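This report describes how parts of a structure pack against one another. Please look at the sequence and the structure before reading on.

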Number of protein chains: 2
Amino acid sequence: MTNNTAYAQLMAWVRQTEALGYVAERLGWDQETMMPRGAAEQRGEEMAAMEAVLHARRTDPRIADWLEAADPADAAGQAQLRLIRRAYVRATRVPSDLAQEIARVTSLAQGIWADARANDRVLDFLPMLKEVVALRRQEAAALAMGGDPYDALLDGYEPGETAERLGAMFDRMRPRLVALRDRILGRPAPRPVKGVFGEAAQLRFARDLASAFGYDWSRGRIDLAVHPFSSGGGSDSRITTRVSESDPFNCIYSTIHEVGHSSYELNIDPDYALTPVGHGCSMGVHESQSRIYENQIGRSPAFTAWMYGEMRERFGDFGIGSAAEFTRAVNRVQPGFIRTEADEVHYNLHIMMRFDLERALVRGDLEVGDLEAAWNDRFRADFGVAVDRPSNGMLQDVHWSVGLMGYFPTYTLGNVYAGCLYQAMRVAVPDLDDQLARGDTSAATGWLHEVLQRHGGLRAPRETIAAACGFEPDEGPLLDYLETKFGALYGL
Amino acid sequence: MTNNTAYAQLMAWVRQTEALGYVAERLGWDQETMMPRGAAEQRGEEMAAMEAVLHARRTDPRIADWLEAADPADAAGQAQLRLIRRAYVRATRVPSDLAQEIARVTSLAQGIWADARANDRVLDFLPMLKEVVALRRQEAAALAMGGDPYDALLDGYEPGETAERLGAMFDRMRPRLVALRDRILGRPAPRPVKGVFGEAAQLRFARDLASAFGYDWSRGRIDLAVHPFSSGGGSDSRITTRVSESDPFNCIYSTIHEVGHSSYELNIDPDYALTPVGHGCSMGVHESQSRIYENQIGRSPAFTAWMYGEMRERFGDFGIGSAAEFTRAVNRVQPGFIRTEADEVHYNLHIMMRFDLERALVRGDLEVGDLEAAWNDRFRADFGVAVDRPSNGMLQDVHWSVGLMGYFPTYTLGNVYAGCLYQAMRVAVPDLDDQLARGDTSAATGWLHEVLQRHGGLRAPRETIAAACGFEPDEGPLLDYLETKFGALYGL
């Protein structure tokens, strides 16, 4: 077996696995958008069968032999090997029984969590959560091989990232965010929009906004689902959105956010299709794309001024008299229990408390039975309000029920990366605000496509951002951006 | 390994394969209904990857060992073994290289056929068709092991059926069909419907008709596609339909037809879910369900009288003054080039000529280069009209391009079985016409559910029909039904 033969065989194997991975993802999309409700149980068996096939392929011992022998000459080939080796090592370190048990328990736990949240009953959820945490601790130990167990889980979402570095960054961010928040809350609140915004008109606007952000309809589509998400990649990446007739911003910003995720996948160099490099390189970098589309561009004074005109034409009078007032309504800052409804200033405070709590859970410094009290204490300290009920507290997020521990910090990392990219973008596109004020995002999204999106997983996450920005990423640009923007909006 | 262990292991293996088979089928559904057009190439790789997984599972040598050792006590278990053995023998007789080559060539040939048909250029298609025929001849030889090659292909769609028996039956049918057709064409033609039938109203009516035929919406859905089809089974079987604004019968009868197919799958005993017995037992029996829903029930004078009232309410005046006149419009008999547009009297004549031609092709009695002339000669003889262009002749059907040889006769077999079932149904439901005249199909479809659909593949196809009817099936009841119905409608 020559080096080239080994590499070719490995890539042929991986290509088929990638294709099957997309099939499994498509099943998930179907389940949330199209599937008749009576098909849920059978769908569970279909998903489990796909997972079994994928797991067997991902841990096939021939991968080790191919990795040993393959020696591609170019950087892309080296990046493929790096990603394949990483995935193989992670997949083979976790015993198959444990992986199956985690799949089984988390699938069960999600339903129990949903019921517990609906009924505000923490005790109904704790036994299941204990199991999930115990299993993920076992998995973390298997993956970490003596290293930090939380880092082992975090690394699954953000390769190369460590809790120590993130924790230090969060500690630097918190005082500036809290100070900004306190100054804003001392000022009068903006007036909210009023009225009923029809579903069909909102969906038409959502489609037009997706187009305005360059979404490629020939390789995507938009449907309704309970939770907005993006799904797939290569030449088929779809998004979902949702509609609240009293709050048009829900649909608008969910759509723009998911267009960011989906466009990242669709804009990766087609040469990387159906390979590990052909995906967004980490959850944090992925989130940087969705967030910069949604926030730095979509909630900017320039773009929202254009949106105001569009919305007046489509929805008539909704109680807002000027573009400037509309921009403030879009960027209304207010304390609230729910992470997914948080504004740009509060959002990262939600993440930081989850990060500390889940890190303590995984390391064994906090037991599941003490989680609610720890959550409520921390929330009062950080937000100055007492949690009124568990569905507004520790039961609000699906993540822990499905075993997603180590995932939350990638949201704030995505915001930090978006801050860096936005700083570089303003230099690269000097007349950005003029363009956005015409509803034209093409230079902004085109720049992201060119410097970041097309490279997929070619580089490690932090290097991907550094190469795009021309500087090493840190929290400074995000905090500067927030202070400047909200300082102007609230007259601080 | 005890008998029971072997059987349990075999069924666990098969269950997972069945689940993966549904996943592949769902991909096909998505491709025709939801997939963005730019995703076609990637989808090809996804389908090929699924087929490779399925083929490997279906030819896994452990299946032979399990089959050897398993000895279930009950009839259902014996039926499972019979179907598993049959599928395993068929899958392993065909060399894997040949199977892959057939998959590759037929996937290519379908596009070339579509272009050739669009441009009416037979010569563009013939080289590809030669390859397909050559490959299917090889496959037939591998399957037949010295037996008749056409029977070997036919057996893939209609287990246990032979061309000799079908040919003899078709020979008995032809003179009576031709005589009936000639008498009808000597009478004045019914007046057609006139007007524009809006798409949204047609789709609402289609949904209501699906409900009237008992379609289970909790386990199905209806979407638009270029060609109507049904897809899936177990607890997720979906249908598609199409709309012509000048011809409402296209949407109406496509929908009812597919509801017949889909209801068969959905009504199989849930104990058989994700097993070989949990599917319709053959193409012919499947077609008997779609045809009896569509024709014997859906085009009956009683049901169309009810439909007339519904359509007048929904579409206003469409140039038809009475229910009796409407029934004649629905059952208009006229010669035509296109099989899929043929009436109940002409339809089987289309099938018979395809059966003779494809049988000669597979056996080597007819070469592909002579097919067009053979088609055109035969059409003139059987229909009394000269084919005006290839898209109205040998290029009209997709079947041969995708290698479906041996499939066509199951359509007429389905009609014959539907004739038998209808004769038995009229005895079992004495006031059938009164019920249908109220738009109530529940006794009719309920009887089919009870005597046939719930058993799935428990019995061989012909036995399935015999058990449902209480007599051995033959062509007599279908011909009697056609002569009676059209005799009355045309005043013969």
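## Helix and sheet packing

In this predicted model, helix α12 (residues 301-315) of chain B packs against helix α13 (residues 323-330) of chain B at an angle of about 115°, with their axes 9 Å apart. Axes here are lines fitted to C-alpha atoms, for helices over the stretch in contact, and angles run from 0 to 180 degrees between N-to-C directions. Because of this angle, α12(B) is roughly perpendicular to α13(B); angles under 35 degrees count as roughly parallel, over 145 as roughly antiparallel, 65 to 115 as roughly perpendicular and the rest as oblique. Helices (H or I, at least four residues) and strands (E, at least two) are DSSP runs, numbered from the N terminus.

α12(B) passes α13(B) in a right-handed crossing. A crossing is right-handed if the near helix is turned clockwise from the far one by less than a right angle, and left-handed if anticlockwise. On α12(B), the contact is made by B:Pro301, B:Thr304, B:Ala305 and B:Tyr308, and on α13(B) by B:Ala323, B:Phe326, B:Thr327 and B:Val330. Two residues are in contact if their C-beta atoms, placed from the backbone, lie within 7 Å.

The crossing of α11(A) with α16(A) is right-handed. Among the residues that make this contact are A:Met283 and A:Arg291 of α11(A), and A:Tyr411 and A:Leu421 of α16(A).

Chain B also has an open sheet of three strands, in the order β1-β3-β2 and with mixed pairing. Two strands pair if DSSP finds at least two bridges between them. β1 (222-224) and β2 (230-233) of chain B are at the edges with a single partner strand each, so one side of each has no neighbour in the sheet. Neighbouring strands of the sheet are turned by 20° against each other on average, direction ignored. β2(B) pairs with strand β3 (residues 236-241) of chain B in the antiparallel sense, over four bridges. B:Gly233 has B:Asp236 in β3(B) as its bridge partner. Helix α10 (residues 248-266) of chain B packs on this sheet and touches β2 and β3 of chain B; the direction of α10 makes about 170° with that of β3(B).

## Domains and chains

Chain A is divided into domain 1 (3-149) and domain 2 (150-492), with bounds from an automatic or database domain assignment. The C-alpha centres of these two domains lie 25 Å apart. Between them, 43 residues of domain 1 are in contact with 37 residues of domain 2. α1, α4 (75-93), α5 (96-119) and α6 (122-144) of chain A each supply at least two residues of the domain 1 side.

What does each chain give to the contact between chains A and B? Chain A gives 32 residues and chain B gives 32 residues. On the side of chain A, α1 (3-33) and α2 (40-58) are the elements that give two or more residues.

The table lists residue classes: Ala, Val, Leu, Ile, Met, Phe, Trp, Tyr, Cys and Pro count as nonpolar, Asp, Glu, Lys and Arg as charged, and the others, Gly among them, as polar.

| Contact | Residues by class |
|---|---|
| α12(B) with α13(B) | six nonpolar, two polar, no charged |
| α11(A) with α16(A) | nine nonpolar, eight polar, two charged |
| Side of domain 1 of chain A that touches domain 2 of chain A | 24 nonpolar, six polar, 13 charged |
| Side of chain A that touches chain B | 16 nonpolar, seven polar, nine charged |

Residues are numbered from 1 along each chain as its sequence is written, and chains are lettered from A and ligands numbered from 1 in the order in which they are written. In this predicted model, local features need pLDDT of at least 70 and side-chain atom pairs count only at pLDDT 80 or more, while totals for chains, interfaces and linings use all residues.
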